[in-house]
Amino acid sequence: MIRYLIRRILWAIVLFVVVTLVTYVIFFLVPNDLAAKVAGQGSSQEARARAIHHLGLDRPVYVQYGKFMWALIKPVPVRIGSVPVFVRPNGNLGYSYIRATPVNDLIKSAAPVTGSLVFGGVIVWLLMALPIGILSALRPRSLLDRTSMTFVLIGISAHPIWIGLIFAYVFGFRLGWFPISNYCNFFNHAGGCGGPAQWAYHLILPWITYAILFAALYARMIRANVMEAMTEDYVRTARAKGAPEQRVLRSHVLRNALLPVVTMLGMDIGVGLGGAVFTETIYNLPGLGKLLLRAIGETDLPIVMGVVVFATFAIIVFNLIIDLLYAWIDPRIRLS
Amino acid sequence: MALLEVNDLKTYFSTDDGIVKAVDGVSFSVEKGKTLGIVGESGSGKSVTCLTIMGLNDRKNTITSGEALFNGENLLTAGSRRLREIRGNDIAMIFQDPMTSLNPVHSIGTQLVEAVQLHRDVSKRVARARAVELLKAVGIPRADRRADDYPHQFSGGMRQRVMIAMALVNDPDLLIADEPTTALDVTTQAQIMSLIKRLQDEFGSAIIVITHDLGVVAEAADDVLVMYAAEVAEQAPVVKLFNRPFHPYTWGLLGSLPRLDTDLERLVQIPGQPPSLLRPPSGCRFHPRCPYVMDKCKQVDPPLEPISDDPDHFQACHLDEATQDREAAKLLEATMAQAG
């Protein structure tokens, strides 16, 4: 188990370096007029050169990348009292080119928004997909099955942006049931609203919009998995032992059918973060997706790098958790 | 009274193509502590017969008639709750493929404990002790520790031992073994069969062995039922069946049996394929493949009747007994001659 963990972490480091390096290089391959933006419209040639030099953009790419990485991973001693106990990475993502604010602060304020959206969205999508998938599998070709598979098809075909706009129009604008923009802090009352109830109320439409595509994909996958598991020999064995149908389903069918769902969750979290960009844009949520979109438009490399680094880190950690969870629930993985 | 008495059992499956008559009027009985072998090719209805008795067919598209009296109680009309009480407790079953018949995500100990606790109101500790006892009885080394292992950590033969332990854990009156050795290699087959025989003596269960292997039948069974295309072709005590086989299909099976003591160039095979049960042949279902076919065979389905001088020996064939005796003697002589 320890060796497995170490191997996983080494791979994560390789992955991390590759992702950040690629982002860096792509950024410098794309032509931009960053100097004009930083120094201001109509600024002199000299002022622009000074600005470029100040940002270190006149150095070779590998030097810039090296400096960026060093600021990020430089070991910093953590002291208790005045005694250094252990070291942690510095974790400095630098400063925005355009706004000169620390990227860490921007990420820190945007990440909870995206986190809320994705976390709640995953729960909503599982709450939709599990019952639909399981019930459809238990009554294949029934009216219920056909109806839900039709909705699944719609969910897969319709683009999240279109769904989001329809939802915002119908439930937000027309019916006025839910707010269609802005974010409320879960903890403190900043900017007029806050607290868990307002937080959830403002996120209901984004959650559902975000969840529909995945819910449809997962309902279909769960249905197929459960139907396959129902025909397994060990399910017949369980029935031959005299197990009641409910127990057969819970302990023998679902335990096996839902294993791949856990794997898929781990794999889809990256795609899921990408999907958050759409939802945040529609509902005007100040999350990482919005931050990233704006930074790309302004060619603000440190913010782009910050979001990429944070997202990569989140995906790696989440995948690691899923893998460990998987090893825990599937004995065949555990020992091989 | 016989432990299990099956009368005119019919199991039909309705499919998109029509009605498949998977079992068509099968009768037999099993006495306490005895072993019945059911032999036949794939698709002859052996397994479906037993799944029907256990009530394990998909209810939705299955039509069943006849009766299966277990200790006098008709299993075919029993409610699902009553059937669950019987399954795994009074009648247990082991299946063909031990690689897929155990749940991969539960330890074998857990699966045996589940089998115990489904029928006995005992604590987990007691159930586990019983499980380990059975694992020891089927020859799992270090059973106490191995109970915590998962199916993928066992070989095929060991898994079949686990299946047998799980089947016997509640001391059933009847054990149905559906091709218990088919998926195993030859040496393991012999071990498993002798294990089943030994446990039968120990536990006193009656056994139904479903197989296409006449060797298994010769070794293990007291009585034999030869099935062909959803019907019984011949039924007799094992010694009589091997010494005086009556049905041409049985001859075919015996002729295709590989033997170590003869030096045959190649095995005799029964020509053709088993018929479709969707549209079985008219008359005797074996007639398209039978070398002794007569006009009558194509029109009239021969009834299963006892032979004239032995009320225990049943056969369904239009041939006259004199011819049958002569042909059987020839067949046996031929194999003997080859045996030298």
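Let's start inside chain A, where 13 residues of domain 1 are in contact with 11 residues of domain 2. Two residues are in contact if their C-beta atoms, placed from the backbone, lie within 7 Å. On the domain 1 side of this meeting place, helix 1 (2–29) and helix 2 (34–39) of chain A each supply at least two residues. Helix 1 of chain A has the largest share of that side, with 9 residues. The residues on the domain 1 side divide into 8 nonpolar, 3 polar and 2 charged. Here Ala, Val, Leu, Ile, Met, Phe, Trp, Tyr, Cys and Pro count as nonpolar, Asp, Glu, Lys and Arg as charged, and the others, Gly among them, as polar.

Before going on, a word on what you are looking at. This is a predicted model, in which local features need pLDDT of at least 70 and side-chain atom pairs count only at pLDDT 80 or more, while totals for chains, interfaces and linings use all residues. Residues are numbered from 1 along each chain as its sequence is written, and chains are lettered from A and ligands numbered from 1 in the order in which they are written.

Now step back to see chain A as a whole. Its domain assignment gives domain 1 (2–89) and domain 2 (103–334), with bounds that come from an automatic or database domain assignment. The centres of these two domains of chain A, taken over C-alpha atoms, are 32 Å apart. Chain A has 14 helices and 2 strands; helices (H or I, at least four residues) and strands (E, at least two) are DSSP runs, numbered from the N terminus. The C-alpha trace of chain A spans about 85 × 55 × 45 Å along its principal axes.

Next, look for where chain B meets chain A. There, 22 residues of chain B are in contact with 17 residues of chain A. Helix 2 (80–86) and helix 3 of chain B are the elements that give two or more residues to chain B's side, and helix 3 of chain B gives the most, with 4 residues. By class, chain B's side has 10 nonpolar, 7 polar and 5 charged residues. For the complex, the predictor gives an ipTM of 0.88 and a pTM of 0.82.

Chain B also holds an open sheet of 4 strands, in the order 2-1-4-5 and with antiparallel pairing. Two strands pair if DSSP finds at least two bridges between them. Strand 2 (18–30) and strand 5 (73–74) of chain B are the edge strands, each pairing on one side only. Further in, 8 bridges join strand 1 (residues 4–15) of chain B to strand 4 (residues 62–70) of chain B.

Finally, peek inside. The largest nonpolar core has 97 residues, and B:Leu112, B:Ala131, B:Ala165 and B:Ile208 have the most contacts inside it. Such a core is a set of buried Ala, Val, Leu, Ile, Met, Phe, Trp, Tyr and Cys residues joined through C-beta atoms within 7 Å. A residue is buried if 20 or more other C-beta atoms lie within 10 Å of its own, exposed if 12 or fewer, and partly exposed in between, with C-beta atoms placed from the backbone. A second, separate core of 64 residues includes A:Leu213 and A:Ile303.
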